[in-house]
Each structure stands twice: as structure tokens, then as C-alpha cells.
Amino acid sequence: MTCQTIAALLATGRPDTPATIQGWVRTRRELKEFTFVEVNDGTCLANLQVVINPSLANYRQLVDGLGTGTAVEIQGQLVASPAKGQRVELQATQVTLYGTADPETYPLQKKRHSFEFLRTLGHLRPRTNSFGAMFRVRNACAAAVHRFFQERGFLWVHTPILTASDCEGAGEMFTVTSLDLDHLPYTPAGRVDYQQDFFGRPAYLTVSGQLEAEIMALALSRVYTFGPTFRAEKSNTSRHLAEFWMIEPEMAFCDLHGDMDLAEAFLKFVFQAVLDHCPEDMAFFNQRIDPTVLATAEQIIQTPFERITYTDAIRHLQNANHPFEYPVEWGLDLQSEHERYLAEVLFQRPVIVTDYPVGIKAFYMRLNDDEQTVAAMDVLVPRVGEIIGGSQREERLNVLERRIQGQGLALDNYWWYLDLRRYGSVPHAGFGLGFERLVQFLTGMGNIRDVIPFPRTPDSIDF
Ligand code: 4AD
Ligand code: MG
């Protein structure tokens with residue numbers, strides 16, 4: 001007899017049929033006549049209730065071994081459950097104990113633990129209700145991302161993780177080296193001699209696959225990346241990770257409007273897909289984490305996003321009469337308090353802000369005719385702030401060269417990127433969505449460290 005998932009049994013298991021489950025004990029309740037054990041296998045939020053009768057061999061020993069955290073396989077007969085809220089339960093006929101868990105030391109006891117505490121238990125927290133729900137939603141979200149693009153003819157392209165170029169020009173890259181840091185080779189001028197390093201020059205972990213995605217889009221028309229990216233920014237906030245996953249579509253023959261339309265359709269699609277695939281987990285987040293989760297999801301799906309220019313956004317913020325911590329002034333970047341004010345208070349829905357000042361955005365964004373702004377767009381959402389950053393790309397060779405030099409970057413490092421403007425250049429656009437910010441927004445989770453299995457942040461790289 002093959003083993004069935006608890007999700008399948010609870011959904012469609014027929015009473016009076018045999019079943020076998022494998023999972024971990026959540027709770028044990030010993031009554032006079034028999035013992036109830038709740039077993040969870042991570043396939044769904046709900047546990048399966050198992051009834052252990054004293055007629056089973058070694059009953060006493062068995063029940064003693066069935067403490068919270070114990071791994072078990074249980075064979076038995078499904079029966080209609082007299083208990084509320086579950087169709088079936090399992091009458092055990094045979095119980096196999098795998099690893100037991102000492103109740104004196106097993107850290108996940110029945111009571112509710114704080115997310116801070118659970119972060120110190122990265123190896124066990126997937127066994128809790130919250131993190132089980134989280135990782136099922138995260139999976140549904142990732143599957144929806146691929147479905148959205150695949151259904152629209154985008155190719156998933158694999159851009160490198162090791163790179164020699166700084167896509168964002170922000171200098172927030174982790175260096176990758178095979179040099180012995182205790183015995184570094186130096187040039188006569190006293191600088192580290194990277195010629196002796198693995199690649200013969202400095203190398204880094206990528207902050208974005210965009211530049212390579214552009215190469216692919218200018219041959220394959222519509223592509224997307226979905227992979228890990230790395231930022232060595234010392235931002236110890238609830239929205240920053242040093243390692244996060246990014247989704248970056250890139251489209252040839254596309255302008256900023258096409259880019260915004262794609263971003264909006266994409267978010268609506270993913271929200272709908274997650275509601276369809278994980279209704280119980282989403283209801284759990286709504287009940288336990290943030291009571292606005294389901295209402296927000298419905299609103300994302302149904303309401304058109306607001307679209308305003310940066311210049312208008314600044315005007316709105318200046319007229320807001322709100323005590324912001326950071327100054328609001330044309331030419332300064334929007335801080336997360338400003339982003340959240342726009343999305344949460346002023347428009348109460350996602351806002352796409354476009355046409356930012358040239359001075360605060362990356363070199364590759366297309367210069368507008370006013371020469372003061374670039375064809376950039378950020379999608380801002382309640383609670384999280386910036387969830388997507390994108391732009392139309394500068395496709396004119398001479399303008400791009402000026403922009404690269406203007407930012408103090410070396411043209412030589414971008415020779416191949418410039419070649420794309422030399423040969424068969426075309427207007428094109430794309431964006432980057434931070435996958436964890438999306439999951440955070442979807443689930444209402446307060447801290448981004450709790451939406452990725454193994455968060456990497458300043459001074460923290462356990463597990
Ligand atoms: O705005 P960013 O820096 O844009 C880019 O990297 C472009 N190359 C994307 C593109 O046009 N192809 O980052 C894009 C998104 C942000 O909007 C945010 O959601 C997320 O990536 N992000 C982070 N998420 C978690 N932790 C961090 N440290 C993040 N930095 C950016
Ligand atoms: Mg950005």
C-alpha cells in the first residue's frame with residue numbers, strides 16, 4: 001500500500017478505506033479510552049487526527065513515544081470523523097516510530113513562539129504552522145511566476161551569478177575570490193594583484209541579471225530571469241536581504257508603458273494564482289498575521305493601479321502635511337516612508353511612480369526629452385513600499401556612453417553592453433521584482449527574514 005499525503009486524504013479520502021501516512025506528531029492527547037495524535041506532513045496546514053486504541057501491541061510504550069516532534073508512519077483505516085472541522089480521521093492499526101523527539105529538549109513545544117525566536121531555529125521552524133504555510137505559498141508564487149511568463153511566450157533565461165560588472169553601479173557587490181586572504185599577492189604599486197586571482201580580474205556575485213537579460217532579449221524578444229541576487233548593503237531593515245531572489249522580464253520593442261502594463265498584469269496574475277492554490281494558507285495569514293491580507297489581495301486583483309510621475313508624487317508629498325523623517329524635495333530619492341505614504345494613505349492601492357530625476361537612477365535608464373528625468377518606474381505597494389523597479393533602457397549609443405561616464409563608470413567594462421546599441425539596437429524595457437518582497441506583501445508578514453527559508457542579513461548566516 002502506498003503512502004498518501006495528508007492533504008490528499010483530508011480532501012478526498014473515503015471513509016472505510018485503508019490509508020498509510022508519514023509525518024511528524026504535532027500533539028498527543030491521552031484519554032481514558034484511547035489516545036488522539038495529530039500528525040502533520042507539511043502538505044497542508046491541517047493535521048490528520050489519528051486514534052490509537054489500547055488494543056494495539058505495546059500501547060503504553062507507543063503512546064509514550066508519540067511526543068511532539070516524533071516522526072511516524074501510521075497504517076490504519078480512514079473513518080468518518082465525529083469531530084468538527086474534519087471529514088475523516090485515521091484509526092491506527094499499526095504505528096512505526098522513526099526518530100523520537102525528547103520532550104525535555106525539543107524546542108518546538110505546543111505554545112506559540114515569536115518569529116524572532118523561531119529565526120534562531122532555522123532548522124526546525126519549517127515544522128510550524130506559520131512556516132509550513134509560508135513555504136507552500138512561496139512555492140505557489142514561484143510556480144505562478146513561471147506560468148505567467150510561459151503563457152505569454154517569454155523564455156526563461158539563466159543569467160550568471162558570478163559576474164565582473166556592476167549592473168546597478170551602486171558598488172554593493174560581494175567580491176568572489178580564490179586568493180588566500182592571509183597571503184594576498186600585490187602589484188608593484190601596492191594593490192591586490194587580481195591577475196593572480198581565479199578569473200584574472202576582480203569578480204563578484206551579481207546584484208541583478210538585467211544586463212545579460214538585455215543581451216538575450218535583443219535576440220529572443222521576450223525573456224525573463226528568476227534567480228538569486230546578492231547585495232552587500234548594510235541595510236538592517238525588515239525589507240532587505242543580502243541574498244534574495246529576483247524576477248527580471250526584459251522585452252525588445254517595448255516602451256515604459258508596455259513595461260508598466262506587464263508589471264500590473266503580472267502582480268494581478270500571481271495574487272489570483274496564490275488565492276486559487278493556497279486558500280487555507282492565505283486564510284491562515286489573514287487570521288493570524290495580518291487581517292487585511294485577503295482584502296488587499298482582492299483589491300490588487302480588481303483595482304487598476306495608480307500611475308503618477310515622480311514630479312507629481314513630490315508635489316503630493318509636499319502638500320501632505322505629514323511629519324516625514326526625511327526631506328521631500330525634487331531631486332532626492334523617495335524613502336520608504338514616502339513610498340508607503342503614497343500607497344497606504346494617499347492612494348490606498350499600488351502606485352506606479354514614473355520619470356524619476358536622472359541623478360538618482362541607474363545609468364541604463366532611458367533619458368527623457370527633458371534631459372532631467374529618465375523613463376523609470378517603481379511599483380509601490382502598501383506595507384512594503386517598493387516591490388518592483390524597472391525602466392525603458394537607453395538604446396542610443398551616444399547617450400548611453402555619456403551616462404556611463406557621467407556616473408564615473410569605465411566604458412571598457414561595458415563594451416559588450418554598448419555593442420548591443422551598435423548593432424541592431426531597439427527600444428526595450430524591463431523590470432525587477434524582489435521575490436521576497438512579493439511574498440511578504442502577499443502574506444502580510446512583517447519581516448522579510450520570515451519569508452525565505454534561510455535569510456542572509458548583516459552579521460547573520462546561520463543554517
Ligand atoms: O530596484 P532594483 O535595484 O532594480 C534592479 O536591480 C534592476 N536591474 C531591475 C531591472 O530593471 N531588471 O531591484 C529590483 C527589486 C526592488 O524593487 C526590490 O523589490 C528588490 O529588487 N530588492 C530587494 N529585495 C530584498 N532585499 C534587498 N536588499 C533588495 N534590493 C532590491
Ligand atoms: Mg529600485
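Here is a walk through a predicted model, from its sheet to its ligand.

Let's start with the sheet.

The partner here is β13 (residues 351-357), which runs parallel to β12 and is joined to it by 4 bridges. If you want a spot to look for, find glutamate 306, which stands opposite valine 351 in β13.

Now move over to ligand 1. There are 25 residues around it, and the ones that come nearest are Glu168, Gln210, Arg231, Glu248 and Glu386. Glutamate 168 puts a polar side-chain atom 2.7 Å from a nitrogen atom of the ligand. On the oxygen side of things, an N or O atom in the side chain of arginine 393 is 3.0 Å from a ligand oxygen atom, while glycine 434 uses a backbone N or O atom, 3.2 Å from an oxygen atom of ligand 1. On its own, ligand 1 has 620 Å² of accessible area, and the protein covers 93% of that.

Which elements give two or more residues to this shell? They are β11 (243-252), β15 (385-392) and β16 (428-434), and β15 gives the most, with 5 residues. By type, the shell divides into 9 nonpolar, 8 polar and 8 charged residues.

Key
Residues are numbered from 1 along each chain as its sequence is written. Chains are lettered from A and ligands numbered from 1 in the order in which they are written. This is a predicted model: local features need pLDDT of at least 70, side-chain atom pairs count only at pLDDT 80 or more; totals for chains, interfaces and linings use all residues. Side-chain values use heavy atoms; hydrogens and water are left out. Two strands pair if DSSP finds at least two bridges between them. A residue is near a molecule or strand if one of its heavy atoms lies within 4 Å of it. A polar contact is a pair of N or O atoms within 3.5 Å; within protein, one must be able to donate a hydrogen and the other to accept it, and residues adjacent in sequence count only if both atoms are side-chain atoms. Accessible areas come from the Shrake-Rupley method with a 1.4 Å probe; for residues, only the protein chains shown count as cover. Ala, Val, Leu, Ile, Met, Phe, Trp, Tyr, Cys and Pro count as nonpolar, Asp, Glu, Lys and Arg as charged, and the others, Gly among them, as polar.
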